[in-house]
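Student: Please take a close look at one part of this model, the aromatic pairs, and then go on to what else can be said around them.

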Amino acid sequence: MEKILDIVEAIAHEKGLNPAKVTEAIKTAFIQTAKRVINQKFAFEAVINSQTKAVDVIQIITVVEDSDERLQDENLAPAYISITEAREYDDQVEIDDQLQIPHNLEEYGRTGASQLHREIEFHIQRLVEDEIFNKYKSKIGTLVTGRVTRVDPQNATYIEMDEIRAVLPMKNRIKGEVFKVGDHLKAVVRRVDMNKENGIQIELSRTSPKFLEELLALEVPEIADGTVIVERSARIPGERAKVALLSMHPQVDAVGATVGVKGVRINAVSQELIGENIDCIEYTTIPELFISRIMSPAIISAVEIIKDENGEAQKAIITLPSDQKSKAIGKSGINIRLASMLSGLNIELVESGSKNSQNGEAIEPKEQKDSVDALAALFS
């Protein structure tokens, strides 16, 4: 137990931990060992002896009044002594003074040594887990890379990342993706949990819009350095995505910089996403103009924002020519779904000339019918 400070430095260097935290963990291990081999009810302190570089274990007994209720509690009583009894040993003691009784764990032989070893191992491991947990907790939403070590029968993919293993569930994989042991992949950290049974659990995702944003930052230097900002993004993984971009520099075209020469940058991102089509849109704070842009490739005639009683935008009514309706909806409704996700609004389509709509179905204008009737009467 001598030169414990040297052991602290060695552990801190090997595990990459803060020496001060390792010191506290060692002291806690000594206190818990003393409680287990001496008396669970005693109050102990562990003090680092700077001269011997060892840990001194000291039993603390606090002086209290004779009428103190803690003296009657069998669980608390060993940590306290009445002032009357204390003055039998030292007539100078006062209330709240602390009597200190040193203990040497080496006197407890192999039992004390093995117990101390287990306690140190436990507390250092907890410290390592806390460090890893905090490290990856701060990485939620950021890009990580790793190597596939296993794919279970439920198609959950386990990835080795530095000092820990993470899991990519099948629900967080892009449709059609297949991984095998040895593959290297990118993903974002979606969730980090820790419990006593399973330790640290890290869940990754390749379907999150954040994954798309991180890949863009990887491929587009202007996004990485903050010249271009990804204001909003929406994805239907493996099929299509829309990204709203804002330039922070008047001479930088946000969309052009992101797409790259001949689409080289955006194509690199699309390839990582298994051919996902990515629409890049210039962001604006004007909601009507923004919605008209995110409805691309459809060309719309007008946008009306419907607000609730609190003034919050709830719905967008979009008027457009009938020949643009299919483009606005997109294959399997994908375009209008992405537009709704990106804007955060419910979107209703109305064909030009219609006064009413139901589920996006246009109603034939009465004026047009009257004109046809008049033309027929003219030639009858």
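Tutor: The model is predicted, and two aromatic pairs are found in the structure. One of them joins Phe 42 and Phe 44, with ring centres 6.0 Å apart. The planes of Phe 42 and Phe 44 meet at 55°, so this pair is classed as tilted. Both Phe 42 and Phe 44 are buried. Tyr 283 and Phe 290 make up an edge-to-face pair, with 5.1 Å from centre to centre and 70° between the planes. Tyr 283 has a relative accessibility of 15% and therefore counts as buried, the limit being under 20%. Phe 290 is also buried, because its relative accessibility is 4%.

Arg 150 lies over the face of Tyr 158, at 4.3 Å from the ring centre.

Next comes the sheet. Strands β10, β11 and β12 form an open sheet in the order β10-β11-β12, with mixed pairing. On average, neighbouring strands here are turned by 20° against each other, direction ignored. β11, residues 240-247, pairs with β12 in the parallel sense over six bridges. Within the sheet, Ala 241 is opposite Ile 278 of β12. Helix α11, residues 334-343, lies across β10, β11 and β12 and runs at about 135° to β10.

Key:
Residues numbered from 1 in each chain as written. Predicted model: local features only at pLDDT ≥ 70, side-chain atom pairs only at ≥ 80, totals over all residues. Heavy atoms only, no water. Pairing = 2+ DSSP bridges. Helix = DSSP H or I, 4+ residues; strand = E, 2+ residues; numbered from the N terminus. Axes fitted to C-alpha atoms, helices over the stretch in contact; angles between N-to-C directions. Contact = heavy atoms within 4.5 Å. Phe/Tyr/Trp six-rings, centres within 6.5 Å; stacked < 30°, edge-to-face > 60°. Buried < 20%, exposed > 50% of the residue type's maximum accessible area, 1.4 Å probe, protein only. Lys NZ or Arg CZ within 6 Å of the ring centre and 35° of its normal.
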